[in-house]
Amino acid sequence: MNTVSTSSAIVLLVAVLMWPGSAASEQDPFDGLATQLSRAACIHIRFLHIVESQIFNDVDSLPGSAVIDQNGRYRIELPNDEFVCDGTFIHSYSRPNNQVVIEKAGPAGSSARHDLLFLAHLKDYYDITPVDTGSTYRLTMTDSRQTTLPDSMVAFVTGNPARLDYFDYFDINEDRNRLIIESLSTERPCHDSLFAPTWPDSVDRVKL
């Protein structure tokens, strides 16, 4: 499976996530996590994205990391590709081809590289319904403009205090996706340098 297409399917991400000050013991665990993410100035994620293709009868696993801030900036790093948005332009870098494609950034969710951004906007994009409170939740999209994101997902949380575990969803090709969150932190800052392109001098640049 093509790495770029796999990264495009992702809209995501076993977690070490300890939220300080679990304010209200009555608050639903997932609601607390979603609120914390929506208020975070900076989100650092390490994830494993698994795609099961029924058409090709294979399983593709892709490790990666991402940094997301609340201003639409992000850096997503995959084994062969890197996506950097400085808020104005999206830079899509292919290591095997030593090529970077530069395009104007649109609204969050308008580009495939934005898929991971749903973590910072769970309550904005999805209606959240408990299936098994404290464990399993169904997310149904409420914003039809976010066309690259899954229409629905199932989210799983574990532990006390709760930590985000993984998401299950089907992509546009009807392939099953599991986005496993290996680590997630909101305590580290988003330095501007994280969103600055750092390609080799020899890179071939294509501007769209």
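Over the ring of which residue does the charged end of Lys-104 sit? The charged end of Lys-104 sits over the ring of Phe-89, 5.4 Å from the ring centre. A charge counts as sitting over a ring if NZ of Lys or CZ of Arg is within 6 Å of the ring centre and within 35 degrees of the ring normal.

The legends below describe a predicted model, in which local features need pLDDT of at least 70, side-chain atom pairs count only at pLDDT 80 or more, and totals for chains, interfaces and linings use all residues. Residues are numbered from 1 along each chain as its sequence is written, and side-chain values use heavy atoms, with hydrogens and water left out.

**Figure 1. Overview of the protein.** The secondary structure comes to three helices and 12 strands. Helices (H or I, at least four residues) and strands (E, at least two) are DSSP runs, numbered from the N terminus. Of the 208 residues, 49% are buried. Buried means under 20% relative accessible area, exposed means over 50%, and partly exposed is in between (1.4 Å probe, protein chains only). The protein exposes about 10,300 Å², and carbon and sulfur atoms supply 49% of that area. Accessible areas come from the Shrake-Rupley method with a 1.4 Å probe; for residues, only the protein chains shown count as cover.

Figure 2. A disulfide is a covalent bond between the sulfur atoms of two cysteines. Here the criterion is a pair of cysteine sulfur atoms within 2.5 Å, and the count by this rule is one. Cys-42 is joined to Cys-190 with an S to S distance of 1.9 Å. The link of Cys-42 and Cys-190 is right-handed, with 80° about the S-S bond. The pair connects distant parts of the chain, 148 residues apart: Cys-42 is in strand E1 (residues 42-53), and Cys-190 is in the loop between strand E11 (176-185) and strand E12 (204-207). Both Cys-42 and Cys-190 are buried.

**Figure 3. Aromatic pairs.** The whole structure holds five aromatic pairs. Rings of Phe, Tyr and Trp (its six-membered ring) pair if their centres lie within 6.5 Å; planes under 30 degrees apart count as stacked, over 60 as edge-to-face and the rest as tilted. Phe-118 and Phe-167 form an edge-to-face pair, 5.1 Å centre to centre with 90° between the planes. Phe-118 is in the loop between E6 and helix H3 (122-125) and Phe-167 is in strand E10 (residues 163-170), so this pair ties together parts that are 49 residues apart in sequence. Phe-118 is buried at a relative accessible area of 0%, and Phe-167 is buried at 0% relative accessibility. The pair of Phe-156 and Tyr-166 is stacked because the ring centres are 4.3 Å apart and the planes are at 20°. Phe-156 belongs to strand E9 (residues 152-158) and Tyr-166 to strand E10, 10 residues apart. Ring pairs also link Phe-118, Tyr-126 and Phe-167 into a cluster.

**Figure 4. Nonpolar cores.** A nonpolar core is a set of buried Ala, Val, Leu, Ile, Met, Phe, Trp, Tyr and Cys residues joined through side-chain atoms within 4.5 Å. The largest core has 40 residues, and Phe-30, Tyr-74 and Leu-139 are among those with the most contacts inside it. Helix H2 (residues 29-39) gives the largest share of this core, four residues. Not counting residues up to four places away in sequence, Phe-30 touches residues including Leu-122, Tyr-137 and Leu-164; contact means heavy atoms within 4.5 Å. A second, separate core of six residues includes Val-84, Val-100, Ile-102 and Val-203.

**Figure 5. Surroundings of Ile-102.** Ile-102 lies in strand E6 (residues 99-104) and is buried, at 13% relative accessibility. Apart from neighbours within four places in sequence, Ile-102 contacts Phe-89, Ile-90, His-91, Val-206, Lys-207 and Leu-208. The C-alpha atoms of Ile-102 and Arg-205 are separated by 7.4 Å, although the two residues are 103 apart along the chain.

**Figure 6. Backbone features in loops.** Most residues other than glycine have a negative phi, and most peptide bonds are trans. The peptide bond from Asn-160 to Pro-161 is cis, with omega near 5°, and Pro-161 is in the loop between E9 and E10. Asn-98, which is not a glycine, has a positive phi of about 50° and is found in the loop between strand E5 (89-94) and E6. Glu-174 has a positive phi of about 65° and lies in the loop between E10 and E11. Asn-98 is partly exposed at 21% relative accessibility, whereas Glu-174 is exposed, with a relative accessible area of 52%.
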